[in-house]
Structures are given as C-alpha cells and as structure tokens.
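Please read it beside the sequence and the coordinates.

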Amino acid sequence: MNIVVCIKQVPGSTQVKINPETGTLIRDSVEAIVNPFDEYAIEEALRIKEINGATVKVITMGPPQATDALRSAIAMGADEAFLVSDRAFAGSDTWATSYTLSRGIKSLGVVDLIICGKQAIDGDTAQVGPGVAEMLNIPYVAWVRKIEEITENRIRVQRLMEDGYDVVEMPLPGLITVIKEINQPRLASLKGKMRAKKIEIPTLTAEMLGVDLNKTGLKGSPTQVFRSFVPQKRGGGEKISGDTATLVEKITSTILEMKVIK
Amino acid sequence: MGISVSLEKCIGCGLCVRSCAPKAISLVDKKAVIDLSACTMCGACVDACKRYEAITIAKENVGGCDVSLYANVAVFIEQGDGHIHGVSYEVLGEGRKLATALQEKLIAVVLGHDMKATAEELIKYGADKVVYFDGPDCKSFRDDTYAALVTRFIEEEKPAIVLAGGTAIGRSFLPKVAARVYGGLTADCTTLEVDPEKKLLLGTRPAFGGNLMATIIAPHHRPQLATVRHKVMKPAVFDASRTGEMVIHTVANGAVQERTTIVDIVKEIESTINIAEADIVVAGGRGMQSAENMKLLRDLAESLGGAVGASRAAVDNGWIAYSHQVGQTGKTVCPKLYIACGISGSVQHMAGMSSSEFIIAINSDSNADIFQIANLGIVGNALEIVPALTAAFKKARSVA
C-alpha cells in the first residue's frame, strides 16, 4: 500500500507579537514546526505501515526551508519526502495550493491513501484536504477520529460530527483528514533523526509537474487578503475573592441577572 | 505581477525584515531586498510597511471569470432528520442583509427528503426563492451528493455569493464545491460585509488561533463562497406575510454517483447538549484534579441547562472525552455564558472560547491568565464553589 501524507510547516506559536509603535506583526522570534494536526496524519500512516505494510511518503508545498518539516516526518519514520517548491507557487491560496499539491501527488505514482491533518493552525481553513481530493477526483472523508478497518481497496472510518460520529466507508484510493483524537504521535527515534539528516529530498518544480501557471501562485488564487488586523483584546472585568458563600452568591446573582437560564 | 520594493520609498528601517516569516528579506545598502525564491507572497511585509508603502504586491487577473454573469446571494440550508440546523437561520439572516444591500435576491438551497413544507417556510424567513432538491439520496449528509448538487445549483442559478454554516458538514463539502467551480472560499467567517458597487463579498475571519483577523476577498472569481461560524450572527426573523418562489428538483435514486457509504450514525449520549450549540458552557481544566471531579461540572451544567467543556489538560489526562475539548485543537465555542473552572487560560484554550459573550472564571491562582479575559473573575477553589453553585441553582429553580 502507498500512503501519502500532506504536511505543512507553520509558525511554532500562534501568539502573534505586535510591535506597539508601528502596530505591525513581529514573526521572526517564532520557530517553525510541523503543523500539529499533520503529526497525527504522519502517525496514522506509520501505524498502518506497521500493521498492514505500506510505503509512507510525505509531501509539502512551501519555500526551501520547509524541508525541515519533511525531515521531522522522516525522523518519525516516514520513508520518503518531497518538496513542492517554485517561485511560481508563491502566494497560493487554498485553491491554488490544492491544485499544485495535487499535481505533486500525481507525480509520485500509484497512491492508495492520502492523509492530511484536518487543518493547519496558521490559516485554520481546513480547505486544502478536500481541495486535493476534488482535484484528484477521489473520495474523501473529513474529521476522521478512528480508522476502523483498512484493506487494499477499502477503508472504514469514524467521522466526528457535532453530535456524535458517523461510520463511513469508501473505496481506495481516497483521502482522509484526521483530528487529534485519532492517536498520540510518536517521538522521533535516534535512528530516524540520523536518517532525516542524510536523506535526499527532491524538489518538485512547476516545470517538472507540468503545472498550469495560470492556476498556481498569486495569479491562480481566487482569494486575496484585503486587510489584516489584530483583534481588540478582550479586557478583564471585575476580580473578587472571599469565602465560598460570598463568591457563590456573587456568581449566582450575576448569572440570574443575565437571564440565560431557560 | 509579483512583489516589488520602491527604492524611493524604502527608508531601510528593517520592519519588513522582522515581519518576514520565511526570512526572505534582507537589507542591502539600506534598502529592502526580497529573495524571490524564499518569498511566499504572504503580504506580511506589505502590512509592516504600511507607513512608507514601499512594498507592493501586484496581482494580475488571469484565472477569473466574467463576474457580470453572476448575481444574487445563495444560502445552503443544512438539515438533519428534516430539521433545519440553527446555523442555517443565522446564515439566512445574514444573507438577507447582504442581498438587500446589493439589491439582489436571496436564494435558499435545501437538500433533503420529504420536507417540502419546511423548505417552503424558508421564504417566511427571508428567502425570495427556495431551490429544494428532494430525494432519498439527499436525506442525510453525503459528501459527493451534496457537492454535486450544490455545484449543479451554482451552474444553473449563477449566484454571486454562496454561504453555508461553518459546521462539520459545511466545512466538509463546500471546499469540494469551491474546487470544482474555481470559486474563492473563505472559511469560518465571523463578519460578512458587501461592497455594493464592486459587488464584492468581504469575509472577515480569525487566523492564527484568533490572534489575527483577516478580511478576504475574491474580486475576479464567482461565486464568492464563505462558511460562517455558528452562534455569531443573528438568526433570520419569521415573517408570515413574506412571499417567494419555490423550485423543486426531484433527485432520482443513484442520480449522483456517491463513493462514500454511511454505515452507521452514532449519537453520543454523553454529550446530551453539544458544546457548539449550547448557550451555556461549563468547562473544567487541570484544577478539577480528577475524572470524578469533572462530574461536578456535569451537575452544574445540568442545573443550568448547559453543556460541559474541557481544556486540553483535562482531556489529555483522560478525565473527559475529546469531543468536549475547547480550544485550538478542539472546538471553538461562543456561548452566551462560559464558566471556566480550574482553567489557567492557555493561549490555545482562549482561542477556542474568547468570543463567548460573558466569561466567568473560577481559579485559585489569582494570577491565572484566564482572568485577563473574564468578565467576572472568582479567586477561589472551584472544587468547593462548583457544587455550591449547583445547589444554589437547583434551589433557585425549585423556587421559580
């Protein structure tokens, strides 16, 4: 079985620091990490590999330094890594990223299962997974919390919904996006780290992938950021201490005044 | 096309260098120089250079379509067992406002089975037209069927704007639709506005776990799609006097090729009220100390008619199921009242609940970060206060 895991390199903290004088963002102090949801995706692929046998390839689209994220995945136990990178891809939104990444995946040959994290913690869109599935014309299930069964040509999963979960089955090749509940990602082994240091990571460029340059990068992106701003911080209100009875009385009267209880 | 630095305007202050996550900018002879092989065109430097406007990103329009062919605002109506999801009324209410501002029609698109009367009632909730796809295959959510029928709807009706609730369903299939129709999709919006002259949808959404707000537009592509966060916008108002058009498409069995099969739908009994829907959320964190103590929260939630939430610490300790987790790696909630018990207030947790209308925090550490956003901060022991509150509300209820 051939599994491809799509990952993204994201800033290690989502706490955006603001330069108070200029009101602009400071991002240089933040280290880059593998998007946490993608670690669950990598782990799930490795578990399938251990039980059923599989080749696990990781792929990312980003600038050259995104290879660090790929190396982290190799250190965890992935077999091969690929970087989709080209100046022409810069500025891609979720549509253009889905298109470009799907071309990258196509170039890897036969794929049975694609696993993505449910969303990246910087953009929080959750749109690239389904976008890739659509561009590759394969079935997909989002928000997977458990793989119940996987065979050569079918997969049955649990999809988390607001009020419970659905058990969904689909033929392979297919794509799933996974949530935190699915597993506990392993730490990289020493052996894995050694391998990650040495492994050659091929760069897949626009020319190699035969990407339509009108559908990628800034040019191919339907959406653009019109403006961005830091939301007004919610200020704290009253803070009180005292004996339990007083505190309980204060909370009770506050809530009853709000009239939220039906 | 692309990013450029005006050597005249650049004063070499270096703010852009600090704003650049991929470290693509350096100062050469006191001027900013951008390494195009590393630049991701994220626009952070353009923002950083607001004062001098030395950096610009020019966009050439190539992939777009003839936007003049598209008009009207469409709202996807989500249903389960024939009942319309609360978020759909909110999106309908918002859609009505946008349609009125644009002087266009509001169209509701419904997929379901045996629910014609319910679908038709959407006219009373503000729709000028209801397009109802009726068939057994539309009864419950299936990715391929929903994506195919909504795509068909878009191709036939050519709406300029398509909105849906930012639910598990909406956020699952709408990206597929956007991928097919080459539309610009903005996820999880908390504010929607329109520019009536340019016929533009401006969707504002939180990113970076709510630390940054971004307003997104799609000027050259149609439709402009957006999912909308639940509980943020006001629901549509029922008006019995409203009239409108009803269009019914009968969907024959197997008319859409569906590749996924729903084997089972499991409602989790543990979460009788789901936290995304609840008006009141009682949440516990590390300070609750044990699974046993989490039951105290359940009792309080029950006496208030609310749901139970939890911080990542409580979930990771195995005190409560993941489906209750609030925060960046869990759910985002915006109830009318959020009671945080023994939660210190990590950035990740606050990202999931800071848009709640009113926050009460109970924590024994008076320096806990959660107090910085709480409307009412209670410095005290949650393990004592929570059961006392339950008793107080039970009493208040029995008196009332």
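Helices (H or I, at least four residues) and strands (E, at least two) are DSSP runs, numbered from the N terminus. The model is predicted: local features need pLDDT of at least 70, side-chain atom pairs count only at pLDDT 80 or more, and totals for chains, interfaces and linings use all residues. Residues are numbered from 1 along each chain as its sequence is written, and chains are lettered from A and ligands numbered from 1 in the order in which they are written.

Chain A has eight helices and 15 strands. Taken along the principal axes, its C-alpha atoms fill a box of roughly 65 × 50 × 40 Å. A residue is buried if 20 or more other C-beta atoms lie within 10 Å of its own, exposed if 12 or fewer, and partly exposed in between, with C-beta atoms placed from the backbone. Of the 262 residues in chain A, 52% are buried.

Two residues are in contact if their C-beta atoms, placed from the backbone, lie within 7 Å. Among contacts in chain A between residues at least 6 apart in sequence, 70% join residues at least 24 apart. The contact between the chains takes 85 residues from chain A and 98 residues from chain B. On the chain B side, these are 52 nonpolar, 27 polar and 19 charged residues. Here Ala, Val, Leu, Ile, Met, Phe, Trp, Tyr, Cys and Pro count as nonpolar, Asp, Glu, Lys and Arg as charged, and the others, Gly among them, as polar.

**A sheet with strands from both chains**

Two strands pair if DSSP finds at least two bridges between them. Six strands form an open sheet with parallel pairing, in the order β15(A)-β22(B)-β21(B)-β20(B)-β18(B)-β19(B). Its edge strands, each pairing on one side only, are β15 (238-241) of chain A and β19 (307-310) of chain B. Neighbouring strands of this sheet are turned by 20° against each other on average, direction ignored. Axes are lines fitted to C-alpha atoms, for helices over the stretch in contact, and angles run from 0 to 180 degrees between N-to-C directions.

Helix α8 (residues 244-258) of chain A packs on the sheet and touches β15 of chain A together with β20, β21 and β22 (376-379) of chain B. The direction of α8 of chain A makes about 160° with that of β22(B).

| Strand pair | Bridges | A bridge partner pair |
|---|---|---|
| β15(A) and β22(B) | four | A:Lys239 and B:Gly377 |
| β20(B) and β21(B) | five | B:Tyr338 and B:Ile359 |
| β11(B) and β15(B) | four | B:Leu185 and B:Leu225 |

In strand β11 (residues 184-189) of chain B, six of the six residues are buried, so this strand is largely enclosed by the rest of the structure.

**Two packed helices in chain B**

Two packed helices are described by the angle between their axes and the distance between the axes. For helix α7 (residues 291-304) and helix α10 (residues 382-399) of chain B, the axes come within 9 Å and cross at roughly 25°. α7(B) is therefore roughly parallel to α10(B); angles under 35 degrees count as roughly parallel, over 145 as roughly antiparallel, 65 to 115 as roughly perpendicular and the rest as oblique. The crossing is left-handed, a term for a near helix turned anticlockwise from the far one by less than a right angle, with right-handed meaning clockwise.

Residues of α7(B) in this contact include B:Leu296, B:Leu300 and B:Leu304, and those of α10(B) include B:Val386, B:Phe393 and B:Arg397. The residues of the contact divide into nine nonpolar, three polar and three charged.

**Single residues**

B:Asp188 lies in strand β11 of chain B and has a positive phi of about 60° although it is not a glycine. With 22 C-beta neighbours inside 10 Å, B:Asp188 counts as buried. A:Asp124, in the loop between β8 (113-117) and α4 (128-135) of chain A, has a positive phi near 55°. A:Asp124 counts as buried because it has 21 C-beta neighbours inside 10 Å.

A cis peptide bond joins A:Leu172 and A:Pro173, with omega about 5°. A:Pro173 is in the loop between β11 (164-171) and β12 (174-178) of chain A. Another cis peptide bond joins B:Arg222 and B:Pro223, with omega about -5°. B:Pro223 lies in the loop between β14 (212-217) and β15 of chain B.

B:Leu69 is in the loop between β4 (55-58) and β5 (73-77) of chain B. With 9 C-beta neighbours inside 10 Å, B:Leu69 counts as exposed. Its C-alpha atom is separated by 54 Å from that of B:Cys341, 272 residues apart along the chain.
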